Amino acid sequence: MLRFFRTFLTTISEERYKDDNDIIIAHFPEVTTIRYRAFENCRSFEIADFPQAKTIGEAAFIGCEKLREIHFPQVKTIGEAGFSGCTKLREIHFPQVTTIKFGAFIWCGNLITADFPQAKTITYRAFESCQNLLIADFPQATTIAAAAFS
């Protein structure tokens with residue numbers, strides 16, 4: 001079943017869609033905040049479009065193993081383990097993020113390109129187990145943790 005969400009929420013609460021395996025495509029044009037584990041283990045989720053989101057909470061998309069396309073042009077903060085285990089992600093572009101927190105993309109093994117033009121800090125284990133990462137662009141980075149790419 002294809003479920004396409006288009007709502008006018010401004011905040012997605014903690015664990016709101018956790019384990020919802022009917023979500024495939026989601027478009028939330030008004031959401032500015034995605035809280036802790038909001039979409040945890042949504043195993044059918046493929047496309048996420050949040051054009052106004054500013055904050056992605058801790059583990060918000062953890063375990064969304066089919067998530068392959070994401071649009072977050074306004075996000076400034078990604079919480080720890082925000083996209084952990086999103087194994088289908090191949091390319092990511094976050095034009096406004098300034099800090100990439102602990103484990104944000106850990107176990108995203110198919111990730112090839114990561115573009116963060118405003119990122120200043122890449123923390124410990126941010127891209128751990130991203131063995132296919134070929135292009136990591138952080139032109140403003142001033143701090144990259146020793147194990148950021150282990």
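The largest nonpolar core has 44 residues. A nonpolar core here is a set of buried Ala, Val, Leu, Ile, Met, Phe, Trp, Tyr and Cys residues joined through side-chain atoms within 4.5 Å. Buried means under 20% relative accessible area, exposed means over 50%, and partly exposed lies in between (1.4 Å probe, protein chains only). This is a predicted model: local features need pLDDT of at least 70, side-chain atom pairs count only at pLDDT 80 or more, and totals for chains, interfaces and linings use all residues. Residues are numbered from 1 along each chain as its sequence is written, and side-chain values use heavy atoms, with hydrogens and water left out.

**Core**
- The residues with the most contacts inside the core are Phe39, Phe61, Phe72, Phe83, Phe94, Phe116 and Phe127.
- Phe83 touches, among others, Phe61, Phe72, Phe94 and Phe105, not counting residues up to four places away in sequence. Contact means heavy atoms within 4.5 Å.
- Other partners of Phe83 include Ile56, Leu67, Ala104 and Cys108.

**Salt bridges**
- The structure holds six salt bridges. Each is a side-chain nitrogen of Lys or Arg within 4 Å of a carboxyl oxygen of Asp or Glu.
- Arg37 pairs with Glu40, with the closest N and O atoms 3.0 Å apart. Glu40 is buried, at 9% relative accessible area.
- Arg43 bridges to Glu65, with the closest N and O atoms 3.1 Å apart. This pair links distant parts of the chain, 22 residues apart: Arg43 sits in the loop between β4 (33-34) and β5 (47-49), Glu65 in the loop between β6 (55-56) and β7 (69-71). Strands are DSSP runs (E, at least two residues), numbered from the N terminus.
- Arg43 is partly exposed at 36%, and Glu65 is partly exposed at 33%.
- Glu46 meets Arg68 in a salt bridge (3.2 Å, N to O). Glu46 lies in the loop between β4 and β5 and Arg68 in the loop between β6 and β7, so the pair ties together parts 22 residues apart in sequence.
- Glu46 is partly exposed at 24%, and so is Arg68 at 41%.
- Salt bridges with shared partners join Lys18, Arg37 and Glu40 into one network.

**Sheet**
- Three strands form an open sheet in the order β9-β11-β13, with parallel pairing. Two strands pair if DSSP finds at least two bridges between them.
- β9 (91-93) and β13 (135-137) stand at the edges with a single partner strand each, so one side of each has no neighbour in the sheet.
- Three bridges join β9 to β11 (residues 113-115). Glu91 has Thr113 as its bridge partner in β11.

How values were computed. Helix = DSSP H or I, 4+ residues; strand = E, 2+ residues; numbered from the N terminus.
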